[in-house]
Amino acid sequence: MLYHYTDFMAFDGIIRCAELRLNNILNMNDASEMRLFMNGICNAVIENLRRDGEKNSLRQAGEFFQQELEKEFLYSAYAACFSKDMDDAAQWERYGHLGRGVCIAFDETPMQKLVGGAVSLQKVYYQKDMREHHLVEAFCQLIRASEDFANILPRLQELMKDAWLQSAAFKHPSFASEKEYRLVVSPSLSDEFTVAPKYHVSAERIKKYYPLDLNRMCKKVNLSLADLVGGIIIGPTSPQSLPILQDYLSDCGLEVLKNKISMSDCPLRKPTS
């Protein structure tokens, strides 16, 4: 199972509206992680070129990376996040509305059938030092083999796009306990993705997101939303009534999920007033 910890408003969007929102990673608390990855790759390439004495390439590569890194919003990915950990205290506190929310368990096998093309299901990897990443050597080999930097710009930009895609599934090792997976799309890097963006307006700001129509995606592979959902866990400090949640599922046409509800066993303390 892939566990999606959230609040009941987002739960309603997924269950009743069959809509899974992919949010901009730059708007998440992981924006610094994406920047850490991209800066780490670029700095490692520059370090290798300097060590090899590639003076001309060093200057041009530095200018190229500086220009490309300024495009982070254009190339930024949109994602929905999941964990391999069921009923985890840290996940409840960080993403499950301090334990007052809900967790949807998605069955990974049908989930894999939904993805393809522009949308990918990626396992997050946790790494601090980018110097050994395979993209570093790919950049260096391309730059070293060319006598004219301008001739390799298109290929460098392709490598850069690959780096932006991979940055969406990167986090610092201190988050490794989350065992995270991400449903990811980079709209500007794919002509196959035709979903129109939407905007969520709050009192404080406007956020852009891409809605995935789960019913439409399931229908394409002869599945239903009920096939996708393997379970529902009510948060450890949630005041949610079990009978009301069961009625809600019935009225949403998902009566089959009524028997897939469980209460969290996590001994998370309720916040004191």
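Predicted model: local features only at pLDDT ≥ 70, side-chain atom pairs only at ≥ 80, totals over all residues.
**Pockets**

The largest pocket has a volume of about 1300 Å³. Its lining is made up of 35 residues, and those nearest the centre of the pocket are T6, D7, A10, N23 and K207. Six elements each supply at least two residues of this lining: the strands β1 (2-6), β2 (19-24), β3 (78-83) and β10 (206-213), together with the helices α1 (8-15) and α5 (89-95). By class, the lining of the largest pocket holds 14 nonpolar, 12 polar and 9 charged residues.

The second largest pocket has a volume of about 310 Å³. It is lined by 16 residues, with L114, V119, R216, M217 and K220 lying nearest its centre. Two or more lining residues come from each of α6 (108-114) and α9 (214-220). The largest share of the lining of the second largest pocket comes from α9, which gives 3 residues. This lining divides into 9 nonpolar, 3 polar and 4 charged residues.

**Helix contacts**

| Helix pair | Axes come within | Crossing angle |
|---|---|---|
| α1 and α11 | 11 Å | roughly 30° |
| α7 and α8 | 11 Å | roughly 175° |
| α3 and α8 | 12 Å | roughly 45° |

Helix α1, which also supplies at least two residues of the lining of the largest pocket, meets helix α11 (residues 242-251) at a crossing of roughly 30°. Angles under 35 degrees count as roughly parallel, and α1 and α11 are therefore roughly parallel to each other. Their crossing is right-handed. On the α1 side the contact is made by F11, D12 and I15, and on the α11 side by L245, Y248 and L249. The residues of the contact of α1 with α11 comprise 5 nonpolar, no polar and 1 charged.

Helix α8 (residues 153-167) takes part in a contact with α7 (residues 134-144), where the axes cross at roughly 175°. Because angles over 145 degrees count as roughly antiparallel, this crossing makes α7 roughly antiparallel to α8. From α7 the contact involves H134, L135, A138, F139, L142 and I143, while α8 provides R155, L156, L159, M160, D162, A163 and Q166. Divided by class, the residues of the contact of α7 with α8 are 9 nonpolar, 2 polar and 2 charged.

Helix α8 also packs against helix α3 (residues 55-69), and the two axes come within 12 Å. At a crossing of roughly 45°, α3 and α8 are therefore oblique to each other. The crossing of α3 and α8 is right-handed. The α3 residues in this contact are F64, F65, E68 and L69, and the α8 residues are L153, L156, Q157, M160 and W164. By class, the contact of α3 with α8 has 7 nonpolar, 1 polar and 1 charged residues. Residues L156 and M160 of α8 are named in the contact with α7 and again in the contact with α3.

Terms used:
Residues numbered from 1 in each chain as written. Heavy atoms only, no water. 1 Å grid on protein atoms, 1.4 Å probe; cavity = no way out; pocket = protein on both sides within 12 Å on 5 of 7 lines; lining within 4 Å. Points joined across faces, edges and corners; volume = space filled by probe spheres on them. Helix = DSSP H or I, 4+ residues; strand = E, 2+ residues; numbered from the N terminus. Nonpolar A, V, L, I, M, F, W, Y, C, P; charged D, E, K, R; others polar. Axes fitted to C-alpha atoms, helices over the stretch in contact; angles between N-to-C directions. Parallel < 35°, antiparallel > 145°, perpendicular 65-115°, else oblique. Left-handed = near helix turned anticlockwise from the far one by under 90°. Contact = heavy atoms within 4.5 Å.
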